[in-house]
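Please look over the model below before reading my points.

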Amino acid sequence: MARQKKSWLSASFSFLLLLLTYGAGGLLYGSWIKDFPFSFLNAITETSRFILLYGLAVAGIIMFVFLFASPISLATICLNSWFKSDTRAFLSIFFAAFVFAIAVQRVDYFVRFLVLAAAAFLFKLDLQLLGFNSWLCTLSLNIFCWLGFSGGILASYRWSF
């Protein structure tokens, strides 16, 4: 009984950490949307630009969670067929080197990504310790990451950071 109570306490702490982390990410993203630096999207209205950039960010979060929180067996099935070709393996190495170069060049964005990933992994681990299956963990992560991110964007627009 004490172990179960400790697990729920840990899960609630990681849940709060997940919401705060993704909320801070949404806060930063919301302020970035307001002062959007690319002129080709400044021709459209602010509402349309917000919907487009918000949709891209949410799609990225959902893809990130599905990619990193999906069961390992699903990832190995996809990667086994991908690496059977020498051309695909070369392209994968080339892409990984490109991502590494970008991560080294823009360390601030890479660290933000690592913090978001760590919060998601911690919450998924706590949910699995409570006995949730992998697909339910992935679904909950998607919902709560989206809620935290959306809350951060709303806070950014409310308080004009």
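1. Helix 5 and helix 6 (residues 134-159) have axes that come within 10 Å and cross at roughly 140°. Axes are lines fitted to C-alpha atoms, for helices over the stretch in contact, with angles from 0 to 180 degrees between N-to-C directions. Helices are DSSP runs (H or I, at least four residues) numbered from the N terminus.

2. On the helix 5 side the contact (heavy atoms within 4.5 Å) is made by A120, F123, K124, L127 and Q128, and on the helix 6 side by S134, C137, S140, L141 and F144. These residues divide into six nonpolar, three polar and one charged. Ala, Val, Leu, Ile, Met, Phe, Trp, Tyr, Cys and Pro count as nonpolar, Asp, Glu, Lys and Arg as charged, and the others, Gly among them, as polar.

3. A note on the source: this is a predicted model, in which local features need pLDDT of at least 70 and side-chain atom pairs count only at pLDDT 80 or more, while totals for chains, interfaces and linings use all residues. Residues are numbered from 1 along each chain as its sequence is written, and side-chain values use heavy atoms, leaving out hydrogens and water.

4. Helix 2 and helix 5 have axes that come within 11 Å and cross at roughly 55°, which means helix 2 is oblique to helix 5. Their crossing is right-handed. F64, F68 and A69 of helix 2 meet F113, A117, A120, F121 and K124 of helix 5. By class, this contact has seven nonpolar, no polar and one charged residues.

5. How do helix 2 and helix 6 pack? Their angle is about 150° and their axes are 10 Å apart, so helix 2 is roughly antiparallel to helix 6. Helix 2 passes helix 6 in a right-handed crossing. Among the residues that meet are F50, Y54 and I61 in helix 2 and L141, W146 and Y157 in helix 6. The contact comprises 15 nonpolar, four polar and one charged residues.

6. The lining of the largest pocket draws at least two residues from each of helix 1 (2-34), helix 2 (46-69), helix 4 (86-105) and helix 5 (107-129). Helix 2 gives the largest share, eight residues. By class, the lining has 23 nonpolar, four polar and two charged residues.

Definitions and conventions. Parallel < 35°, antiparallel > 145°, perpendicular 65-115°, else oblique. Left-handed = near helix turned anticlockwise from the far one by under 90°.
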